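Here is a short briefing to read alongside the model. Please keep the sequence and the 3D view open as you go.

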Amino acid sequence: MRRVITFGTFDVFHIGHVNILKRAKEFGDLLIVGVSSDSLNFSKKQRYPIYSQEERIEIISSLKFVDHVFIEESLDLKLEYIRKYEANLLVMGDDWKGRFDWVKDECEVIYLPRTPSISTTEIIEIVRRIK
């Protein structure tokens, strides 16, 4: 059985999120998604997500192509999560290209192209300007 794992914040859910998760699922039998905790997101971006981790988990869990969702508490635990969920493949967006090559001894790593012209950060900035 091929187990695919991926990670993300998935805040202000949009078509780019759908695209990468659907494509990730095409690589395996099970898709396991780590959703960044609110505190992890704050440590990365110096802001909390618009939607709480509970809301983001519910959104990701509702997708028919996602098989399991968990909270990612730390970027430093990627290898532990890969081992815990027995993942054969880590899929990430190509904005992370090369950043997870260090786990290649444990599982294959693929970086998929992002959906052009869409990002959560850009959406949030547009909404802030409109206010």
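This is a predicted model: local features need pLDDT of at least 70, side-chain atom pairs count only at pLDDT 80 or more; totals for chains, interfaces and linings use all residues.

Residues are numbered from 1 along each chain as its sequence is written, and side-chain values use heavy atoms, with hydrogens and water left out.

**The sheet as a whole**

- An open sheet is built from 5 strands in the order S3-S2-S1-S4-S5, with parallel pairing. Strands here are DSSP runs of E with at least two residues, while helices are runs of H or I with at least four, and both are numbered from the N terminus; two strands pair if DSSP finds at least two bridges between them.
- Strand S3 (68-72) and strand S5 (108-112) are the edge strands, each pairing on one side only.
- On average, neighbouring strands of this sheet are turned by 25° against each other, direction ignored (axes are lines fitted to C-alpha atoms, for helices over the stretch in contact, and angles run from 0 to 180 degrees between N-to-C directions).

**Strand pairs**

- Strand S1 (residues 3-8) pairs with strand S2 (residues 30-36) in the parallel sense over 6 bridges, and Ile5 stands opposite Ile32 in S2.
- S1 also pairs with S4 in the parallel sense, over 2 bridges; here Val4 stands opposite Leu89 in S4.
- S4 and S5 are joined in the parallel sense over 5 bridges, and Met92 has Tyr111 in S5 as its bridge partner.

**Strand S4 under cover**

- Strand S4 (residues 89-93) is mostly covered, with 5 of its 5 residues buried (buried means under 20% relative accessible area, exposed over 50%, and partly exposed in between, with a 1.4 Å probe and protein chains only).
- Leu89, Val91 and Gly93 point one way from S4, Leu90 and Met92 point the other way, and all are buried.

- In helix H2 (residues 38-45), the buried residues are Asp38, Leu40 and Asn41. Seen down the axis of H2, these buried residues fall within an arc of 160°, so they line one face of the helix (the arc is that of the directions from the helix axis to the C-beta atoms).
- The buried residues of H2 pack against S2, H3 and S3.
- Just after H2, Gln46 takes a positive phi of about 60°.

Terms used:
Contact means heavy atoms within 4.5 Å.
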